[in-house]
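This briefing goes through one protein model, topic by topic. Please have the sequence and the structure at hand.

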Amino acid sequence: MVQTTLEHAARTGYEHPARDLGRGGSMRTNWPPNTVTLTPGKRVLFLTKDLNLIKQQLYDGLDLRMEDLTVDDLLDDINTDVMTPAWVCFDHEPAEIAKNAYAGLMHNGLRVFNENALQNGNIEVIVSGQRKGTGSSRETAAQCERWAGINIVIAASFAPIHERNNINLGQLMGDHAMLERLQNGESIPLSEFTGRYDPVTSLILEQGGLFPFAKALKAGALELPPLDTPSRPMTMAEHIIARNLVGQPEGQCVKPHDPVIAEVQGGYSHEFTTAQVHTFLQEEYGADYTLPNPPKFAVFEDHLLYAHHNPKFVPFMHKVQTLRDLQVAFQQHSGVRDYSAVDGVSPGICHQVAREEFIEIGDFIQATDSHTCMGGASNALTWGVGATEYANLVSAGFTFVKVPESIRFELVGELHHGCTAKDVILAILADHARKELTLNRSMEFGGQGLASLSVDERATLCNMATECSGRTGICEADDDLVRWMMAAQPHLDEDSLRARMVAPDEGAHYDGGVHVIDLSSIVPMVAHPGNPDEGVPSDPTNGAHISDIGEVSVNIAYGGSCTAGKEDDIAYYAEVCMAAKAAGLKVKDGVEFYIQYGSGVVKDFAVKNGWHALFEEVGVHLIDPGCGACIGAGPGVSITPDQVTVSAINRNFQGRSGPGKLYLASPLTVAASAFTGHITSWRPDLFA
Ligand code: SF4
């Protein structure tokens, strides 16, 4: 039986932190109340498809009522990039971020929300349509609303990570019928806002967010509900969560949607997110806070290393420097592992280096980036979290988890030469993800077909689980993985590694079903850029067979990023470049071909094999490890809307890597296209 905080507080005299101090208290007091009403004098902002109506509400004092509108009148799919574009995230103080809330919402080339518009609107409720908060997992999107004074967020549905970020910040979320009642003067019990969640999430909301919840838990002011899940066959994700349960008996099983507290074995943040983590920890626990297990956590300087290459980012370089400085301050204060750039060269992209250096088989890892799921190739459970959640888990050593549902991909057969794991995941995106079968689920990969893929290729599958809107990806373990792990981290003990392997139980339940994919049926794929002007967004689920897209000329070929800068990706680029060299070819005139290494280890591998020199010989631009063009901040971005890029990165969202059109494709396709000048699938006799 779950006790409400208020009942328990009455018994213990425990004082609700959100009502007293910390970030919650500094922004709002007495939140959330036991009954929710609209505050006299405060306003409701409707994010309407008619952008002029938004302007009238912001600047002309227009007040709308829900009964005047339909849900169809409201903006759907507001993505987190629109709420806080990358340049807004160069600020780390939420109050500063709030000044530029919704800076990415444009009308006729101009911002709908001018600076401070949301804050100055005296608004406490914000209203939109379907799927609020799609896109990247950035917590800044939820922060920009909260620190602009919004307490209640109304939408028909929320993207799962954005919803979780709102919960962690103590934002109440409701639907349009609830808003209508509030606007009619009704008081709505808090339990109506919290009741649709599991008991632990309800407690987090009742407390005013994750930090007050964790403090109350540590103070013994909260009792977690006991788990009553009986012994049952479990998926790989369930196994790893079950073995990390806090406060539950040994051998306790879990099932999807169980709300639990679980230990984490490690995590990491990067310079885009660390400053917030440091600031939040200082605010919550004081300037002399300490972390219990710093060697299992890390900071990386990878995302903004080449930010100065983007003219749009140049005016913000002083803020980027502040982010870097605060990351250094956090690392020195806390003693976490340091993967800072040295002489302007990064050790590598966080997800690649983490799997090379410290993710171990069977670990539960959380980090502040949506592609953390890449670590699933190591038979580990890994996913991305917001800065608040990360700050909380890095200080507590445990985190709140709602056990995800699973979907299984049983791989059989073998890929044809010319196809790669990227083609497999693009096919899954176009089919299963488009049908939302992967939504918020752990994507479990297994079968004899998986064993035919290298460990790096498995990492490509897991990396793009986030593009599938999955919770994570996780691969079965085998001898190849153990060999790879022992080569990457020779200090590990092989027997211990094997003992920590997880496999699904016979009879494990998959809410998303079991899907057999015959690798021999996979053909070279792209995800096309759609036609945003006609309402077809550029999206990784826009799958197409290369044989069906006709001749598509390219200006840029880009090979790199966490998903395509691994050793085996470099080997793919090298295979094509060797054949091109043998045929006397160089990169096609009019095409720029970039390869960016995923880590220093990968670069050394290329140098050792003579491929670094080969790439230079055939006309490739080589870039040291880092994120770069993938995030619109490095060599290889498009400059004009008419440029066409074929890229091995994982996302083709409009504008992410420049204003041009971006086709996602495999490393082999990217390299082959660089020499032909148009999107071309690879075959060994292509240049014969
Ligand atoms: S390479 Fe791209 S997708 Fe990967 S972590 Fe960096 S910015 Fe994110």
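Helix α8 spans residues 160-168 and is mostly covered, with 7 of its 9 residues buried (under 20% relative accessible area, with exposed over 50% and partly exposed in between; 1.4 Å probe, protein chains only). Helices are DSSP runs of H or I of at least four residues, numbered from the N terminus. This is a predicted model: local features need pLDDT of at least 70, side-chain atom pairs count only at pLDDT 80 or more, and totals for chains, interfaces and linings use all residues. Residues are numbered from 1 along each chain as its sequence is written, and side-chain values use heavy atoms, leaving out hydrogens and water.

**Helix α8**
- The buried residues of α8 are His162, Glu163, Arg164, Asn165, Asn166, Ile167 and Asn168.

**Nonpolar cores**
- A nonpolar core is a set of buried Ala, Val, Leu, Ile, Met, Phe, Trp, Tyr and Cys residues joined through side-chain atoms within 4.5 Å.
- The largest nonpolar core has 68 residues, of which Tyr102, Phe113 and Leu118 touch the most other members.
- Apart from it lies another core of 42 residues, including Val587 and Trp682.

**Cysteines**
- The model has 0 disulfides, a disulfide being a pair of cysteine sulfur atoms within 2.5 Å.
- Cysteine 89 is in no disulfide, and the nearest cysteine sulfur, that of cysteine 144, is 9.2 Å away.
- Cysteine 89 counts as buried because its relative accessibility is 7%.

**Confidence**
- The chain averages a pLDDT of 93, and 96% of the residues score at least 70; pLDDT is the predictor's confidence in each residue, from 0 to 100.

Terms used:
Helix = DSSP H or I, 4+ residues; strand = E, 2+ residues; numbered from the N terminus.
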